[in-house]
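Okay, thanks everyone. Let me put it up on the screen.

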Amino acid sequence: MKFFIDTANLDQIREAQDLGVLDGVTTNPSLMAKEGISGEENIINHYKNICEIVDGDVSAEVIATGYEGMIKEGEILAALHPQIVVKVPIIKDGIKAIKYFSEKGIRTNCTLVFSIGQALLAAKAGATYVSPFIGRLDDISTDGVELIAQIAEMYSYYGFETEVLAASIRHTMHIVQCMEAGADVATCPLDAILGLLNHPLTDIGLEKFLADYKKVNG
Ligand code: G3P
């Protein structure tokens, strides 16, 4: 399973990259705003900076909601760097735009997916990734991880090549559950990735190894 980090924060992206297990980055307009990135030039430079830090795919979201606007923005974003994946919302014009990009060889991430029907449309349009938002489903008492399992099974049954990118991951257990459900990618906050390291028996064991070493080596 690939690990993407879900942030536009350059320090966190560097820290995840330094771990050596990072496969990419996802951003969205809210995450960019959280870092105070505004204005076309700054936004573009920020995407370029992210691409310089990581080796893998970097999702950059279009703001337009009409077909022509999405195509224009997506082509500009895709031309910035070969690592850029154009993120497009699952709306009618978004599906048309994904189909267009797919025919042009521009990779896409279909975002704001909350149902298996939306995931089916994204795959049929040729999306590279589909992003079901599991945390936001959990927020409304609906099982987000179950949706990941359903989409993964449906894509495998029909042979779709679209990768299931579990998004809106809120904590470490979500990552483990998405792995079990067959997600191809999990895009996570840094804390959730680091949480995978934690086990009290590791801490206790390491402490004992070091104490025993000290006993005989001083
Ligand atoms: O990857 C999508 C993500 O950024 C949304 O997460 O926590 O705002 O639902 P959240």
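So, the largest pocket has a volume of about 370 Å³. Keep in mind that we're looking at a predicted model. There are 23 residues lining that pocket, and the ones closest to its centre are Asp 6, Asn 28, Leu 31, Lys 34 and Pro 189. If you go by elements, helix 2, residues 29-34, and helix 10, residues 190-195, are the ones that give two or more residues to the lining.

Now, which space does the ligand take? Around the ligand you'll find Asp 6, Asn 28, Leu 31, Phe 133, Arg 136, Ala 167, Ser 168, Arg 170 and Thr 187. That shell splits into three nonpolar, three polar and three charged residues.

Let's go through some side chains that reach oxygen atoms of the ligand. Start with Asn 28: an N or O atom in its side chain is 2.9 Å from a ligand oxygen. Then Arg 136, where a polar side-chain atom lies 2.7 Å from an oxygen of the ligand. Ser 168 also puts a polar side-chain atom 2.7 Å from a ligand oxygen. How much of the ligand does the protein bury? On its own the ligand exposes 310 Å², and 81% of that gets buried by the protein.

Okay, on to the second largest pocket. Its volume is about 260 Å³. The lining here is Asn 28, Pro 29, Met 32, Glu 40, Ile 43, Ile 44, Tyr 47, Glu 61, Ile 63, Glu 73, Ile 76 and Leu 77. The elements giving two or more residues are helix 2, helix 3, which is 40-53, and helix 4, which is 67-80. Which of them gives the largest share of this lining? That's helix 3, with four residues. By type, the lining divides into eight nonpolar residues, one polar and three charged.

One last thing to look for on the screen: Asn 28. You've met it among the residues around the ligand, and Asn 28 is also in the lining of the second largest pocket. That's what I had, so over to you for questions.

Technical notes. Residues numbered from 1 in each chain as written. Predicted model: local features only at pLDDT ≥ 70, side-chain atom pairs only at ≥ 80, totals over all residues. Heavy atoms only, no water. 1 Å grid on protein atoms, 1.4 Å probe; cavity = no way out; pocket = protein on both sides within 12 Å on 5 of 7 lines; lining within 4 Å. Points joined across faces, edges and corners; volume = space filled by probe spheres on them. Nonpolar A, V, L, I, M, F, W, Y, C, P; charged D, E, K, R; others polar. Near = heavy atom within 4 Å. Polar contact = N/O pair within 3.5 Å; in protein donor to acceptor, adjacent residues only side chain to side chain. Areas by Shrake-Rupley, 256 points an atom, 1.4 Å probe, with all protein chains shown as cover.
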